[in-house]
Amino acid sequence: MRCIAVINQKGGVGKTTTTLNLGAGLARRGKRVLLLDLDPQGNLSLHVDRRPTDESATMTTLLLEQKPLAELLVPSNEEGLFVVPSESSLGGVEQILANKIGREMVLKDALERYEKDSNEPFDFVLLDCPPSLGVISANALCAAAEVLIPMQADYFSLQGMAKLTEVIELVRSRLNPALRITKVVPCMVDFRTRLTAEVLAEIDHHFGDLVSKYPIRSNVKLAEAPSFGRTIFEHDPESAGAWDYGGLAAEVLGERYELDEDEDADATDEIVEEPAPGSSEVLAAEEPAETPAVGAREVEVGTELDPDEEEALVKAMLEGEIDDVVAGTTVASTMLEDRPAPLRQDPLGRPTRLPELEAGAD
Ligand SMILES: Nc1ncnc2c1ncn2[C@@H]1O[C@H](COP(=O)(O)OP(=O)(O)OP(=O)(O)O)[C@@H](O)[C@H]1O
Ligand SMILES: [Mg+2]
């Protein structure tokens, strides 16, 4: 059983979205996956449409009354994906546990008991942590062997990282020697902005190889899915969000993803040097993947747009009317006048629409 704490004390960076959709991606690759909602906001429970109706069947009862995990499992709509939901009473658990000896080990003990007693073990347990570093997050860091840090690719993303890595190191040295940061996942990435390129470079600089090869792009379908109580694969299996979380799931499993697979390539898996992201070679070589979205028009790369037209285009993008800028569409050059060209498109060259689902995702 691989237990992964999805943690970042900053709010709204994509922890819950990542826990659910990574979990669903793993389940769709045939794994048995448990999601634990460790946040009193209960966002994960809502997102998976399993808001607890019975207070005695939540994370609160597991942590305070040591109710067996097996009695709390709620199946989701996705085959192989289970959740233990939460609601606001979990907020009180911090205070109650605070004065107890061994308070950090309650979750670890519960998971170990389940593993020992159950004949239906999980391949993965993902822990959706609250945006704080209290007793509940400490429980997650003691129960997990792996830490996955989702980071919003914005200007303040690295703020607070020193504190988080310090806490992880403290838990590792005192309580859980197995604990490691195994993945850093940039979330809500918008490759059209120069800021994104800068922030991703900073994240790479800090975390190097730990940074996921599949940053999660900003995708309106991911923002919509919670209100329908669906995973991204249920909500829009052909969206960029489904593509990205599918890639992350494959990466976590060490499996190849469709993007990497080239049936015509010879068996040596030779790595082909690709032109630098954003280079004129990339921008010029790529054919538009599909007809440009309404509101955009196709122009030659480097064409100066009328300032009014540019403003309208940028506004349409900010308001989400245009999902993506396809290759060959010039944007906002006057707004970025004295700046280097933005990447404008995903350097991995991922499609914004899936041509077809990856294996196992029907
Ligand atoms: N890649 C994305 N593209 C667009 N919207 C996203 C993306 N990832 C997350 N969101 C949206 O951003 C908001 C915050 O995401 P999420 O709830 O996953 O963050 P969080 O870190 O769990 O927040 P909290 O700290 O409050 O628990 C949500 O409304 C979510 O739907
Ligand atoms: Mg959350």
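Trainee: What is the mean pLDDT of the protein chain, and what share of its residues reach 70 or more? Then please take me through helix α6 and what packs around it.

Mentor: The mean pLDDT is 81, and 72% of the residues reach 70 or more. pLDDT is the predictor's confidence in each residue, from 0 to 100. Two stretches fall below 50. One is residues 262-301, which has 48 contacts in the model beyond near neighbours in sequence. The other is residues 354-362, with 15 such contacts. Two residues are in contact if their C-beta atoms, placed from the backbone, lie within 7 Å.

Some ground rules. This is a predicted model, so local features need pLDDT of at least 70 and side-chain atom pairs count only at pLDDT 80 or more, while totals for chains, interfaces and linings use all residues. Residues are numbered from 1 along each chain as its sequence is written, and chains are lettered from A and ligands numbered from 1 in the order in which they are written.

Now the setting. The chain has 13 helices and seven strands. These are DSSP runs numbered from the N terminus: helices are H or I with at least four residues, strands E with at least two. Of the 362 residues, 42% count as buried. Buried means 20 or more other C-beta atoms within 10 Å of the residue's own; 12 or fewer is exposed, and in between is partly exposed, with C-beta atoms placed from the backbone. Among contacts between residues at least 6 apart in sequence, 77% join residues at least 24 apart.

On to α6. This helix spans residues 135-143, and eight of its nine residues are buried. The buried ones are Ile136, Ser137, Ala138, Asn139, Ala140, Leu141, Cys142 and Ala143. The strands are β1 (2-6) and β5 (124-128). The helices are α4 (90-98), α5 (106-117) and α7 (161-174).

Take α5 as the partner to examine. Two packed helices are described by the angle between their axes and the distance between the axes. For α5 and α6 the angle is about 45° and the axes are 7 Å apart. Axes are lines fitted to C-alpha atoms, for helices over the stretch in contact, and angles run from 0 to 180 degrees between N-to-C directions. The pair is therefore oblique. Under 35 degrees counts as roughly parallel, over 145 as roughly antiparallel, 65 to 115 as roughly perpendicular, and the rest as oblique.

Which residues meet? From α5 come Val106, Leu107, Lys108 and Leu111; from α6 come Asn139, Ala140, Cys142 and Ala143. They divide into six nonpolar, one polar and one charged. Here Ala, Val, Leu, Ile, Met, Phe, Trp, Tyr, Cys and Pro are nonpolar, Asp, Glu, Lys and Arg are charged, and the others, Gly among them, are polar.

Look at valine 106 in particular. This residue of α5 counts as buried because it has 22 C-beta neighbours inside 10 Å. Beyond its neighbours within four places in sequence, valine 106 touches Leu63, Leu97 and Asn139. Asn139 is one of the buried residues of α6. Isoleucine 136 is another of them. Valine 106 and isoleucine 136 are 30 residues apart in sequence, and their C-alpha atoms are 9.5 Å apart in space.
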